[in-house]
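Please walk through the model below, beginning with a single residue and its surroundings and moving on to the place where two chains meet.

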Amino acid sequence: MNTINIVSRRGFLERFVSAGALIIGVPVLQQVSGAAEVDDAPFHPSVYLGLEPDGTVVIIAHRSEMGTGIRSVLPMIAADELDADWKRCKVEQAIGDPKYGDQNTDGSCSITNFHTAFREAGATARMMLENSAALKWSVPASECHVKFHEVLHAPSGRKAGFGELVALGIKQLPPKKEELKFKSPSEYRYIGKDMPIIDLEDLCTGRGKFGIDAKMPGMVYASIERPPVFGGKLVSVDDAEARKMRGVQQTVTLDGLKLPYGFQPLGGVAVIADNTWTAMQARKKLKIEWDLGPNAAYESEAYKKQLLDTARKPGKVVRNAGDVDAEFARASKVHEAAYYVPLLAHAPMEPPAAVAEFKDGKVLAYAAVQDPQAAQDIISKTLGIDKKDVTCHVTLLGGGFGRKSKPDYVAEAALLSKKIGKPVKVTWSREDDLHFDYYHSVAGMYMKATTDAKGRPTAWLQRSVFPSIGNMFAPNADYAAGFEMEMGWINVPYDIANQRAENGPVKNHVRIGWLRSVSNIYHAFAVQSFTDELAAAANRDRVEYMLDLLGEPRKMNMKEDGPHLAKAGDKMDQFPLDTARWRRVIEVAAERSGWANKKSSPGHGFGIASHWSFNTYVAAVVEVEVDQRGQLHIHRVDIAADPGQIINPDRVNAQFEGAAVFGTSLTLMGEITAMDGKIQQSNFHNYPVARMSEAPLKTHVHIVASNEAPAGVGEPGVPVMAPAICNAIFAATGKRIRELPVKKTKLA
Amino acid sequence: MIQLKVNGAGRQFDGDPDMPLLWYLRDVLDMTGTKYGCGMGLCGACTVHLDGAAARSCSTSMKDAAGKSVTTIEGLAAHGDHPVQQAWKSNNVPQCGYCQSGQIMQAVALLKEKPKPTDHDIDEIMQGNICRCGTYQRIRQAIKQAAGVKA
Ligand code: FES
Ligand code: FES
C-alpha cells in the first residue's frame, strides 16, 4: 500500500471539492501505537489533498479538533511541503469513513502516525504541479519549482498559478513514493513556526460550532433519565406529570445494556420537548422504578480497601528481572508504601451532545466526537443498519480528554430519532456527564524496595490493581490489559538488578474509559512518589538520585525482561526507551527551574518528577507554598519535554500548559465516589476542577530540541504533575501524600 | 409577554418566564456563542452582559431579564475586534475554545470595573470561569495586555 494514487473524481473528496479538481491520496500502512483498543489491530491511515481550478488547496482534517490544534497543524504540514500559501488553503473536516484510516483522535498520536502521510500528500502535489508546468512549457521538470503557490521556470522567468495547472495535473501519473522529494527543514514556511490555528477567530467571537450547537431542521430536544446504577434497568415509568408541562412532546423508553458494554447507550427514559430546558425540567417530573442490577452494592470506601489489600498480595507477574525475593530475604531493611488514586471524571466543558436524524433507513449525525467511525459503528449496531448508511459529521469538540471517543450519546440521538421519526438533539447535563462517565480507573499500588548503603535500590517490587478498561469490551477482564501495563508500569527504566512488576485482579462496577494519559496517571504517581521517598530516606538530592537510578544512558526495549513484553518489545524497536533522553529532560527541568539554587524550607517546597508516555520524555519541577491555614499555592511549574520533532511550538507549549492545569485538578481535588452503586458527584461544586487561582500561576515549558520522530504532546504533560506536586508538598511540610486528591489531607 | 433587548435588537418572548436566558438565546434565538457548562452558576461558560454587567445566563430567568439589555459574545464588537478579543487572539488563548465566550465576556466586565487590574483582581473576578483545557495563564496574559499593564 505504499504507492500514491490519484483518487478518482468520483471518490470521497467529491463532497469537498468541485468537479475538475486534482485530488491526491496517500494511503499509508502503519502499526498503531498506544491506541487503547485491541492489542494487535493494524490500521491504515490515509490523508487527502485536493486542488481546485481556482488554485485553492483543499486539505482534509480527518482527526477531531478538541483543543490541541490538530485540525490546523496536520493540514499545515501538507501545505508546507507543497509550499502553498496558507491563506489559499481550505481545511475541511472529514466525516467518519474508514477510507481515511484511523480517526480515533486519542492516544496523542495524530502527528506521530500521520505527519509522514501529510508530507507525502504535499510533496506529491508539488511534484505533479512541477511536472504539469514542464509539460505546459515543454521544458525539463527539473527546471520547474513550486514557490509559494506558483510554479516558476527560472531560466525563462515563466510562472503559473496552481489553478492553471490543475487540468494538466489530473492527467499526470503520480510519482512513486521513492521518487518523492521533500523540503529541507530550512525551507519550511509553517513547520516550526507559531502559526495561529484556523479556528482562532471563530473561537474568540462565539462562532465556532460545537456538537451542542448543531441543529437540523425540524429537530426536537431530548433529555434522558438513565439507570442510576451501572447495569441497572427500567422497571416502570409514570410520565403523566412530565407530559403535562408546556412544550413537552412525548417520552420514549430506551432499552438497557447488553454485554459487552462497549459504547452502547445506557438506556432509560427520554423526554422529548421543544427546547433543551423544557426537556431537562420535565425529566425531573418522571416517576421511575428501577431495577438497580448487579452493581447496587458498589461503594468506594470498601472498594479502596479491597484494591489496597489485593495490592499487598502477590499478583500476576508482568515484568521480571533478577530475583527480588532473594534480595528481600537478605535485606535488613525494606521500604514499603501504598498509593491510591480515585475514580476521575473527564468533565469536558462541553458535555456530550449530538444531533441525529434517521430517515429512509439511514442516519445523518452531527456530533462532538473524537472518533466518528466509532459513532458509525455503534449507531449501526444499535439500530441494526449498515455502517455505510451512517454519516457522522464531526463538529468542534468543547474538550474531549478521552470521553468523546466513546460515542454512546450519538447512538442515543440516532435511536431516539428512529423511534420518533424526527431529528433529535441529545444534550447531556453536567449532572449526566458526571453520573454516567467512562471514569478514569481507580487504582491501588503497593511498592517495596531495599537499598544499599547509599540508598540505591537493590530490589524493587511494584504492584498495581485497578479495574481494566478491558471490561468494557470483554466482561470479567479482572486483570489489566497489555496497553495499560505499558503505560508506565512494565517500563520503569531504572537500572536496578532485581525488579518485578505485578498486577492484581479486581471486579469492575462502573464504566471505565481512558482519560488524558490513562494508566500513566496512577503509575507515575506511585513510581515517582516512591522514588522521592527513597531519595528522602537516603537524604539525597532528588535530581542526582533520579539520574543515578536511570543509570548509564542506554536504549531499552525490555524484551529481555519476560515473555509478557514481546508486544511492547516489538513497538519499542521503533520507539525504544532512551534513558539518555529521559536524563536530558530531568537536567533541563532542573537547570531552567534553577533547582541547584532552590532550597525548600518550611511552608515552601520544590518537587520533581519525570515520566515517559506516548513516546515523549517529560520532567517537571513544581514550586509550592503551603500557608499557615494549610492552603496550597502552586507558584511555578517548569516542564521540560522531549517529544521529538515538533510542528507548532505554540500549540505544543499550550498542551503542556494545559496539562499542568489538568494534572493540578486531578492531584488537588479530583475524586468520583460511589455509594450504593450511585455516583455521588453531580456538578462542579462537588467535582471541582482547578480554577484560575488554584492553577499554577506560571508554567514554563521547555521543549528540548530534537530530531527524533515526532511523539505525543497532548497527554504526556499530565502524569508528572501529581508526583511533582506531592513531592513538593513533602519538601514544604514533611507530609507524604499517598492518596489523591490532596484535599483529603490536612496540610497545616 | 416579556420584552428585552438582545445585542441592541428588541425581542419579545411569551414562553415560560422561568426559562433561563441561556436557553432562550441558544434554542430560541439560535445564538449559540453563549455556552452551557453547568446550569448552576458554577462555571461561567454562559456569561453575558445584562445592562452592561456580567451575568450568568443559566441562572438568569427570562422574567429577570425582562426590560433589560443583553449583550452576548456575538454582539460584543461588530467585527470581533474588541480590544479583549484582539488580546485573546494575539496570545492564542483558546484551546478547545468552548469556555472562551464566557471568559471574554467576564474579562470585558472586569476591565470596565478595574481598568488596570492586579493579579489579585484578575483571580477574584475570573475565578468563576472554568477552563478545563487550562488556558488560565494565557487568559491572565491577555487581560493584562488589553489593560496595558505589565505582565
Ligand atoms: S452554565 Fe452558567 S455558570 Fe455554568
Ligand atoms: S479552552 Fe477548552 S475549556 Fe477553555
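Leaving aside its neighbours within four places in sequence, which residues is A:Ser682 in contact with (contact means heavy atoms within 4.5 Å)? They are A:Arg430, A:Glu431, A:Leu434 and A:His435. This is a predicted model, in which local features need pLDDT of at least 70 and side-chain atom pairs count only at pLDDT 80 or more, while totals for chains, interfaces and linings use all residues. Residues are numbered from 1 along each chain as its sequence is written, chains are lettered from A and ligands numbered from 1 in the order in which they are written, and side-chain values use heavy atoms, with hydrogens and water left out.

A:Ser682 lies in the loop that joins β31 (678–679) to β32 (698–703) of chain A, strands being DSSP runs of E with at least two residues, numbered from the N terminus. With a relative accessible area of 17%, A:Ser682 is buried, a term that means under 20% (1.4 Å probe, protein chains only).

Turning to the interface, 60 residues of chain A and 51 residues of chain B take part in the contact. Together the two chains bury about 4,800 Å², of which 55% is on carbon and sulfur atoms; buried area is the accessible area (1.4 Å probe) lost on putting two parts together, summed over both. Of the area that chain B buries against chain A, B:Gln95, B:Arg132 and B:Gln137 supply 18%, more than any other three residues.

Between the chains there are six salt bridges, each a side-chain nitrogen of Lys or Arg within 4 Å of a carboxyl oxygen of Asp or Glu. A salt bridge links the side chains of B:Lys89 and A:Glu201, at 2.9 Å from N to O.

Technical notes. Helices (H or I, at least four residues) and strands (E, at least two) are DSSP runs, numbered from the N terminus. Buried means under 20% relative accessible area, exposed over 50%, partly exposed in between (1.4 Å probe, protein chains only). Contact means heavy atoms within 4.5 Å.
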